[in-house]
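Please read the following walk through a structure with the model open beside the text. The account moves from local backbone features to helix packing, and then to domains and chains.

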Amino acid sequence: MRSTGVARWLIAVPMAILALATIYPMLYTLNIALKTRYDYVIDRGGLTTTFAFQNFVDAWTQANMGRYYLNSILVTVVSVLLILLIASMAGFALSHLTFRGSRAAFLLILAAMMIPFQVIMVPFIKTLSDFSMINTYPGLIIAYVSQFLPFTIYFMTAYFARIPKEITEAARVDGNNIYGVFGRIMLPLGRPALLSMGILNALFCWNDILISLLVMQSPSQRTLMVGVSALRGQYPDNVPTYLSGVLLVVLPLIVVYLIFQRQITAGVTAGATKG
Amino acid sequence: MTALLGSRSDVPTDVRPGTTPVPRRRRRRFTVESTAPLLLVFPAIAILLVFRVYPLILGVNFSFTGDQELNGVFIGLDNYVTLMNDVRFHAAARNVIVVLLFVPIEVFVAGILATFIFLKVPGHRFYRSVYFLPVVLSPIIIGAIFNIVLAANGPLNELNRAVGLPIVDWLGQSNSALPSVLGVHIWATFGMALVIFLAGFSTVDQELLDAARIDGATLPQTIWYVVIPELSQTIQFVFVTTTIGMLTGLFGLLYTMTAGGPGAASYLPEFLIWKLNGEAKPALASAASVVLLLLILVIGLLQIRVLRRATKEV
């Protein structure tokens, strides 16, 4: 399967063009965000000559972005910690312990994974309001936990299943009960999987719009994505400031991506192959 | 909650006896060891029953009741009849077919690119990182960026003008709105399909590839006779996840880019459900949800089959 050097370079050309097409929209956005409003009106497409950082300051201070950031961080962190804890508990039980109904439990989890949120959004919101959880942080958190739990359980179950029984049995002989095995053996060994699922779920929660729109209806409780989608209406004739706001949201995502690329990839490819 | 747990153990969960071995089952003796598995799975099962399964049943029930003054009143299949005559429902149903036509495009693009990266074209690591980057961005951000890029006076149209193509109001015309959104969706997510393909490639038996080379197979022959059969599970997986992603992952883009418009030209089932719910017609929205559920079920059963095979062989 070794193609000749020339052919490889020929293939690399369209791939480079495609890579450019992938980052170009972001560079274009950055270019505009750095323009003053005046420059933008005069010369939309040209390379910016100004570095109007004031746009970023304006977007941050006028559009309540600080508050939205805090809301998103709070909800994301709590949701992810809960998802990881609950999913690793269930994953451990399903992969290493035998109990009545384990098969049914696993099927329930797979079935829940199949049901997209869109299908249950109306009755889900009604259920939340029955618990008086609309417009509350716990409401949004339980929405995220129930949404992203099934896949995480599936992932943790598959990961824990690869840990040999001899290891847990040795720990039992050393005098650990089941909770000891879970806390002292499984959680430390599961760290790569937990990191992977933690990052992936954090991205899901952080990037969500539909659930957040439905659960958080009061402006002060908006999450970042809902806040950003409202920016457009706030700056209908000031595109540079609008796009500065968008970039303020992109930045943490790119940082996370650059640091955790491998873990994210491991998360999304789960189930794709036999091993 | 305790009632739920109690009823759970009463239900005969083992449909096929013997599939779940229950060693050392002691009746009415609760020790740390015997209760631990149930306590460990309990939070997960309780959350899924209360916030997934119960709403699902509730929703199916809703779909047979009326809205507003008929709230809670059983009206049989009236909601479904209303939907069948609804212009926006027609648009959403038609658009599902358009969406399904775009699935093979994404799978094909990702598959080809993954092959090139697997063959280690110069700079393959860099390409892989760049292609995957948009996957981590929120649809809201992507929609915001492409609203500017696809605008009538945006850079894409400037490019069109430069090479002599007509100026298109991509998101403002009913025949181009949905394809544009789908194009952006593919731009944003093909990196995901690509890394899944690469994970599959890494499991292809290197000896088979070497054997093919020794036998003098050309690259297309190698791909067709060796790589594709070896990757069949990965390809299935990519098809299923891409389809589900397109049918349930377009809300953010529709919300920011077209709002379902112009008219109902870019409505998809998920957007229709959200819209009907916002119009204080939750029962009608529930009927639309049931229709979407049936559609997803077909695809989902396929997904379950693929995933279970994956865990079983771990």
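Asn135(A) sits in the loop between α6 (117–130) and α7 of chain A, where helices (H or I, at least four residues) and strands (E, at least two) are DSSP runs numbered from the N terminus. Its phi is near 65°, a positive value in a residue other than glycine. Asn135(A) has 15 other C-beta atoms within 10 Å and is therefore partly exposed; a residue is buried with 20 or more other C-beta atoms within 10 Å of its own, exposed with 12 or fewer, and partly exposed in between, the C-beta atoms being placed from the backbone.

This is a predicted model, in which local features need pLDDT of at least 70 and side-chain atom pairs count only at pLDDT 80 or more, while totals for chains, interfaces and linings use all residues. Residues are numbered from 1 along each chain as its sequence is written, and chains are lettered from A and ligands numbered from 1 in the order in which they are written.

Chain B also has a loop with backbone features to note. Ala259(B) lies in the loop between α12 and α13 of chain B, and its phi is near 50°, again a positive value in a residue other than glycine. With 13 other C-beta atoms within 10 Å, Ala259(B) is partly exposed. Pro262(B) belongs to the loop between α12 (251–257) and α13 (269–278) of chain B. The peptide bond joining Gly261(B) and Pro262(B) is cis, with omega about -5°.

Two packed helices are described by the angle between their axes and the distance between the axes. In chain A, the axes of helix α5 (residues 102–114) and helix α7 (residues 137–161) come within 8 Å and cross at roughly 130°. Axes here are lines fitted to C-alpha atoms, for helices over the stretch in contact, and angles run from 0 to 180 degrees between N-to-C directions. α5(A) and α7(A) are therefore oblique to each other, since angles under 35 degrees count as roughly parallel, over 145 as roughly antiparallel, 65 to 115 as roughly perpendicular and the rest as oblique. Ile109(A), Ala112(A) and Met113(A) of α5(A) make the contact with Pro150(A), Phe151(A), Ile153(A) and Tyr154(A) of α7(A); two residues are in contact if their C-beta atoms, placed from the backbone, lie within 7 Å. By class, this contact has seven nonpolar, no polar and no charged residues, with Ala, Val, Leu, Ile, Met, Phe, Trp, Tyr, Cys and Pro counted as nonpolar, Asp, Glu, Lys and Arg as charged, and the others, Gly among them, as polar.

Helix α12 (residues 224–234) and helix α13 (residues 239–268) of chain A pack at an angle of about 165°, with their axes 9 Å apart. That makes α12(A) roughly antiparallel to α13(A). Leu224(A), Val228(A), Leu231(A) and Arg232(A) in α12(A) meet Tyr242(A), Gly245(A), Val246(A) and Val249(A) in α13(A). The contact divides into six nonpolar, one polar and one charged residues.

How is chain A divided into domains? Domain 1 covers 18–52 and domain 2 covers 63–268, with bounds from an automatic or database domain assignment. Their centres, taken over C-alpha atoms, are separated by 34 Å. Nine residues of domain 1 of chain A are in contact with seven residues of domain 2 of chain A. On the domain 1 side, α1(A) gives the most, with four residues.

Between chains, 87 residues of chain A are in contact with 91 residues of chain B. The chain A side has 60 nonpolar, 20 polar and seven charged residues.
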